[in-house]
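Subject: Structure handover

Hello,

Here is the structure for your files.

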Amino acid sequence: MSRRLSQRPFALTFAALVLATTAGAEIPAAGLPSLAPMLARVSPAVVNVSVQGTREVQQNPLFQDPFFRRFFNIPEQPPRQKFQAVGSGVIFDAGRGYVMTNNHVVEHADKIMVTLKNRRQLRAKLVGTDPQADVAVLKVDQEGLTEVPMGDSSTLRVGDYVAAIGNPFGLGQTATFGIVSALGRTGLGIEGYEDFIQIDASINPGNSGGALVDLEGELVGINTAILSRSGGNIGIGFAIPINMARKVAEQLIAHGKVERGELGVSIQDLTPRIASAMKLTQEGGALVSRVLPGSPAAKAGVKVGDVIVEVNGKPVASSAALRNRVGLMTPGTDVTLGLLRDGKPLTLHAALAPQSEEVASGG
């Protein structure tokens with residue numbers, strides 16, 4: 001059965017044309033603003049990532065029972081099958097050959113190949129992965145690479161224009177254009193640490209690990225996931241903010257893994273209803289529901305019922321925001337906590353401990 005590919009004309013609104021002109025897009029001889037000059041600079045740094053590997057085959061839960069395994073003569077070792085997958089990646093350090101992608105792109109890979117825009121294929125070495133943030137770093141040995149300059153994802157605003165570059169469905173390098181639809185998306189169950197940029201630029205399977213750039217051509221995110229019932233784009237995509245991805249990548253390069261700190265608290269959002277019950281006028285924050293004995297929080301004097309509203313002078317909007325902030329710090333880091341206790345401000349100091357399984361979902 002053949003499939004018909006629908007083709008729709010792409011048109012920039014007048015406002016987009018004006019913004020593109022003033023924000024870095026250039027006006028070619030034809031007289032119309034174009035993203036082509038910016039994409040020409042950036043696209044050589046976006047690569048295709050293809051992997052080969054083996055993974056366990058999902059089995060019927062009944063076959064986990066030793067009796068059934070013996071009855072049906074099923075081997076004790078779960079069967080494994082070979083697989084191939086494709087995704088995208090971004091060269092962020094051309095001098096050292098470092099490529100950033102998603103963990104789920106290279107998970108279980110035995111062989112990783114990176115294909116440059118000029119179709120040159122390079123064998124890639126896995127430097128390290130972080131499943132909780134879904135970030136991985138690869139290394140290739142090649143001179144003359146192009147890198148994407150790093151941007152600052154904390155300056156993004158809803159409505160800012162962005163372009164997504166990647167390898168959808170393995171078709172080859174593709175660029176799409178849209179806006180930032182929302183910031184700080186959490187609770188999606190996609191990753192352990194979530195602080196997603198939501199975009200409406202078309203991304204599809206295969207775009208994972210690709211670049212999200214602003215109109216200046218600076219890297220502001222790593223495209224990671226889509227929300228779709230059909231598996232294709234419906235205008236709801238998610239990217240990891242580059243500020244988060246960069247910190248994870250730096251640890252992977254330095255240590256081969258991510259070492260996360262913890263306060264040793266269980267937390268929840270301070271909702272308007274809870275704030276009203278506690279007679280607080282505070283909007284946002286992380287309410288402490290439990291303090292682990294002997295934890296950094298306990299040693300610092302944090303108590304159940306405290307509301308953490310700042311970390312190192314920066315506001316904390318939610319429990320997820322606090323978890324993300326602390327999770328990007330290494331054990332031993334000194335942090336200053338701004339609290340509300342019985343409605344009164346309080347400042348405490350703590351030194352983060354290595355993360356334990358017990359508070360992996362807390363802070």
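Which residue forms a salt bridge with Asp306? The partner is Arg341, and the closest N and O atoms of the two are 2.8 Å apart. This pair links distant parts of the chain, 35 residues apart: Asp306 sits in the loop between helix H7 (296-300) and strand E16 (307-311), and Arg341 belongs to strand E18 (residues 334-341). Helices (H or I, at least four residues) and strands (E, at least two) are DSSP runs, numbered from the N terminus.

Before the rest, two points on the source. This is a predicted model, in which local features need pLDDT of at least 70 and side-chain atom pairs count only at pLDDT 80 or more, while totals for chains, interfaces and linings use all residues. Residues are numbered from 1 along each chain as its sequence is written, and side-chain values use heavy atoms, with hydrogens and water left out.

Salt bridges

A salt bridge here is a side-chain nitrogen of Lys or Arg within 4 Å of a carboxyl oxygen of Asp or Glu. By that rule there are five salt bridges. For accessibility, buried means under 20% relative accessible area, exposed over 50%, and partly exposed in between (1.4 Å probe, protein chains only).

- Asp306 and Arg341: Asp306 is buried at 2%, whereas Arg341 is partly exposed at 22%.
- Arg157 and Asp160: their side chains meet at 3.1 Å, N to O. Arg157 is exposed at 56%, and Asp160 is buried at 16%.
- Asp141 and Lys139: the closest N and O atoms are 3.4 Å apart. Asp141 is exposed at 68%, and Lys139 is partly exposed at 25%.

Second largest pocket

A pocket is an open set of points on a 1 Å grid over the protein atoms alone, where a 1.4 Å probe fits, with protein on both sides within 12 Å along at least five of seven lines; lining residues have an atom within 4 Å of a point. The second largest pocket holds about 780 Å³ of space, the volume being that filled by probe spheres set on the points. It is lined by 25 residues, and those closest to its centre are Ser154, Asp195, Asn243, Arg325 and Leu328.

Helix H8 (319-327) is among the elements that supply at least two lining residues each, as are strand E8 (174-185) and helix H5 (242-255). H8 gives the most, with four residues.

The lining divides into 13 nonpolar, eight polar and four charged residues. Ala, Val, Leu, Ile, Met, Phe, Trp, Tyr, Cys and Pro count as nonpolar, Asp, Glu, Lys and Arg as charged, and the others, Gly among them, as polar.

Regards
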